[in-house]
Amino acid sequence: MSSPKTYLITGTTSGIGLALVQHLLSQSQNVIATGRNIVSRFPSDLVTSHPDSLKLLELDIASPLPHLQSIAAQAWDLFPGGIDVLFNNAGMSAIKPFEEASEEYISQIYTVNLFGPMRLTQAFLPLFRNNRKGVTIAFTSSSSTYTPLPFMSHYSASKSALSTTITSLAKELLPFHISVLAFECGGTVTNLGQPRQSSPSPPPPSSLLSPPPPQETPYAQGITSLITMFTRDPPAYMPGSPSKMAKIMVSVINKIQKGEKVPVRLVLGSDAWESVNQNLDETQQVLQEWKHVSWGTDRDGVKGGAEGDYLRAVSIL
């Protein structure tokens, strides 16, 4: 029997993060569960029933890099052999018209969804590079990077930036045998849309779909239409099961650790697959229809169509 792997997971008090912890513990793996106010918000029964394989660690993903570096050093020594998988799962979302988004809101959503995971990964990279045993860095991203919804532009943009960063980072870390991947998830009922100071108890699904009535705004009709679309048929728009997603995520990471090849960006959820597939079809159609315009910007005498060579070169850097 192989020795257990050690996972550090962010955002573990509910949703996909908690499902990951539960599944990994059922598989006799070691888990460092992190989050804000983690001791008071994390299910106590899990702590009691897994005293040797589960450790709780206070971690606010919005912390500055020096603090996250100290957390990384502390986490590394919680289990023998350090950490095998860093899973950046923490995130937040909200419905907000672009015009009415405050600087505070924009800063918070980008910090939690993008800058925080980037800083935490920075904090762990020296430990991973020096370890040289082959580790995995996973991220929970979103299929909205392909199909952004109205009134969720900041969420979609932050997740799109995250997935793009991951795609580049995966190439940078190849020489160090560090694998990187993003799980771009479709609709799943979690605490994602709740304020960051929310209580430990998961809210009912209806509250996730029905935020407080918007203040007087010219966008009220559009916001109401979006909320109505989700509440009319929740399973159609949020079919994802956190427990099933967790199992699939771990199985994919296991494939990586066995040396199997997996995509850097993997879409999870039937709704995500359908929407991404439609987006790619529409993008291909637009590319073909407007090819003459796109190619018309090349300098005279330049031979067009070298994109295949360019992409091949980039892929092996």
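Student: Why does Glu184 count as buried?

Tutor: This is a predicted model. Buried means under 20% relative accessible area, and Glu184 has 0% relative accessibility, so Glu184 counts as buried.

Student: What makes Glu184 and Arg265 a salt bridge?

Tutor: The cut-off is a side-chain nitrogen of Lys or Arg within 4 Å of a carboxyl oxygen of Asp or Glu. In Glu184 and Arg265 the closest N and O atoms are 2.8 Å apart, and the pair forms a salt bridge.

Student: How many salt bridges does the structure hold?

Tutor: The structure holds 2 salt bridges. Glu260 forms one with Lys255, and there the closest N and O atoms are 3.8 Å apart, which is set against the cut-off of 4 Å. Glu260, at 40% relative accessibility, counts as partly exposed, and so does Lys255, at 37%.

Student: What is the order of the strands in the open sheet?

Tutor: The open sheet has 7 strands in the order β3-β2-β1-β4-β5-β6-β7, with parallel pairing. β3 (54–58) and β7 each have a single partner strand, so they stand at the edges and one side of each is left without a neighbour in the sheet. From one strand to the next, the twist averages 20°.

Student: How do you know that β4 and β5 pair?

Tutor: Two strands pair if there are at least two bridges between them. Strand β4 (residues 85–88) and strand β5 (residues 135–142) have 4 bridges, in the parallel sense. Val85 stands opposite Thr136 in β5.

Student: Which helix lies across β5, β6 and β7?

Tutor: That helix is α6, which runs at about 155° to β5. Ser156 has its place in α6 (residues 153–172). At 4% relative accessibility, Ser156 counts as buried, the cut-off being under 20%.

Student: What makes the link between Ser156 and Ser144 a polar contact?

Tutor: The N or O atoms must be within 3.5 Å, and the side chains of Ser156 and Ser144 make their polar contact at 3.5 Å.

Student: Why is the pair of Trp76 and Phe128 called tilted?

Tutor: Planes under 30 degrees apart count as stacked, over 60 as edge-to-face and the rest as tilted. The planes of Trp76 and Phe128 are at 55°, with ring centres 5.9 Å apart, so the pair is tilted. The pair links Trp76 in helix α4 with Phe128 in helix α5 (residues 103–131), 52 residues apart. Trp76 counts as buried at 15% relative accessibility, and Phe128 counts as buried at 1%.

Student: What makes the pair of Phe87 and Phe183 stacked?

Tutor: The angle between the planes of Phe87 and Phe183 is 10°, and the cut-off for stacked is under 30 degrees. The centres of these two rings are 5.9 Å apart. Phe87 lies in strand β4 and Phe183 in strand β6, so this pair ties together parts 96 residues apart in sequence. Both Phe87 and Phe183 are buried.

Notes:
Residues numbered from 1 in each chain as written. Predicted model: local features only at pLDDT ≥ 70, side-chain atom pairs only at ≥ 80, totals over all residues. Heavy atoms only, no water. Helix = DSSP H or I, 4+ residues; strand = E, 2+ residues; numbered from the N terminus. Buried < 20%, exposed > 50% of the residue type's maximum accessible area, 1.4 Å probe, protein only. Polar contact = N/O pair within 3.5 Å; in protein donor to acceptor, adjacent residues only side chain to side chain. Axes fitted to C-alpha atoms, helices over the stretch in contact; angles between N-to-C directions. Contact = heavy atoms within 4.5 Å. Phe/Tyr/Trp six-rings, centres within 6.5 Å; stacked < 30°, edge-to-face > 60°.
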